[in-house]
Amino acid sequence: MEEVYNNYKNAVVKSGNPKADEIVLSNMSAFLDRIFLDVTDPFVFEPHHKAKREPFDYYTFGQNYIRPLIDFKNSYVGNMPLFVEMEEKLKKGQNIILMSNHQTEADPAVIALLIEKKTPHLAENMTYVAGDRVITDPLCKPFSIGRNLICVYSKKHMLDDPSKLEMKKSANTRSLKEMAVLLRRGSQIIWIAPSGGRDRADPKTGEFAPAPFDPASVDNMRRLVENSGPPAHIYPMSLLCYDIMPPPATVEKKIGEKRIISFHGTALSVAPPISFSASGNPEQAKDAYTKALYDSVTEQYNVLKAAVHGKKGLQASTPKVSLSQPWN
C-alpha cells in the first residue's frame, strides 16, 4: 500500500496540477477506506454485478482516482461520431458489443473518461466482461464495485488450481446465462476482451500490441448476441493506455502484482460494426471473422500509437480513424 501511495503521488505531482497534494490526499484516503472496509466486510460479486452508486458512489470514486493520471492534452478518441451512433441504437432497444484489446486494470475508467463529455450514457452504463482477478484482488475490488460487470473465470487462469476447475466452469455457465438475459432485454452495451487478458510487451522490443483474439471467445459472444432477439452490432475497439498502469511482463498466477502508476496520454478508437459471414467452412468462417475484428483493432491501435507515442497528435488521423479530443 505504501508503494501504491508513493507511485500514485509521484504520478499526480508529475501532471503539474496545482492541487496535486490535495487530490492525492483525497483519492488515496477514499481508496484506503474502501480497502479497509472490504477487508473487514468482504464484498461478494454476483455473476452479473451492477455498479454500486450509493450510499457510496464507487463509480465516481473510480473516475476521480484515474482522471488525474490521464494527460488529456495528449489523449485522443478515434471516430467519436460512432459512439454517438451507439447511443442512438441503444435508445432504439438495440445491443452493442465492443470487441476490444485490454491493457490495464484502469481500462473501464479510461474508456469512460475519454467519452463521458459527449456520450455520458455510454460511459456510465457500459457492462464489462471481467476476469476473476479484478473481483478478488483487494486493490482492484473498490474500482470493480463501481462498474457493471459480467464476472467470468479467464481461460488463462482456469487451471491455476485444478481442484476448482469444475466450479469455475459452472460459474462461467451461470455468467453466460446472465448475459443472455441482459441481451434479451435490449439496450445493452457490453465490452469484452476476446484475448482473455491484458496486452503484454514484446520481450525483445518492449513494444505493446493488441494480444491475439481467441476465435472461440469471439464466436461464443457472436452466437449469444445473434440468439438474443433484439438487433445487435459488434464494433472493434482499440485501446492504448498501458503507460498509466502497465501490467506485469508475464501472466502472474498469484494475487498481489506490483503497481506501477504514471501520468501519460491515452487513446481510444472504434471502427464501424463488422458483420459475420457464414459462407463456406464453419471453422474457416469463425477464424475469418475473428481476424477481421482483430485486424481492425490493430489498424486503429497503430493510429493511436502514432498520435500518442509518435507525438503526431491529431495529425495521425487517417481516412478510417478520425481523431479528436471531445472534452475540449
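**Notebook: sheet, cores and salt bridges**

I began with helix 9 (residues 215-226), which lies across strand 3 (95-100), strand 6 and strand 7 and runs at about 175 degrees to strand 3. For such angles, axes are lines fitted to C-alpha atoms, for helices over the stretch in contact, and the angle, from 0 to 180 degrees, is taken between N-to-C directions. Helices (H or I, at least four residues) and strands (E, at least two) are DSSP runs, numbered from the N terminus.

I noted that this is a predicted model, in which local features need pLDDT of at least 70 and side-chain atom pairs count only at pLDDT 80 or more, while totals for chains, interfaces and linings use all residues. Residues are numbered from 1 along each chain as its sequence is written, and side-chain values use heavy atoms, with hydrogens and water left out.

Next I looked up the sheet, which is open and has 9 strands in the order 1-5-4-6-3-7-8-2-9, with mixed pairing. Strand 1 (48-49) and strand 9 (323-324) are at the edges with a single partner strand each, so one side of each has no neighbour in the sheet. Two strands pair if DSSP finds at least two bridges between them. I found strand 4 (residues 127-130) joined by 4 bridges to strand 5 (residues 148-151), the two running parallel, and A130 has C151 as its bridge partner there. Strand 4 also runs parallel to strand 6 (residues 189-192), with 2 bridges, and Y128 is partnered with W191.

I then checked the side chains of strand 4: T127 and V129 point one way, Y128 and A130 the other, and all are buried (under 20% relative accessible area with a 1.4 Å probe, protein chains only; exposed is over 50%, partly exposed in between).

For the nonpolar cores, I used sets of buried Ala, Val, Leu, Ile, Met, Phe, Trp, Tyr and Cys residues joined through side-chain atoms within 4.5 Å. The largest core has 58 residues, of which Y65, I66, F83 and L98 touch the most other members. Apart from it lies another core of 20 residues, including V129 and F213.

Last, I searched for salt bridges (a side-chain nitrogen of Lys or Arg within 4 Å of a carboxyl oxygen of Asp or Glu), and the whole structure has 15. D137 forms one with R259, the closest N and O atoms being 3.0 Å apart. Since D137 is in the loop between strand 4 and helix 7 and R259 in the loop between strand 7 and strand 8, the pair ties together parts 122 residues apart in sequence. Both D137 and R259 are buried.

Definitions and conventions. Contact = heavy atoms within 4.5 Å.
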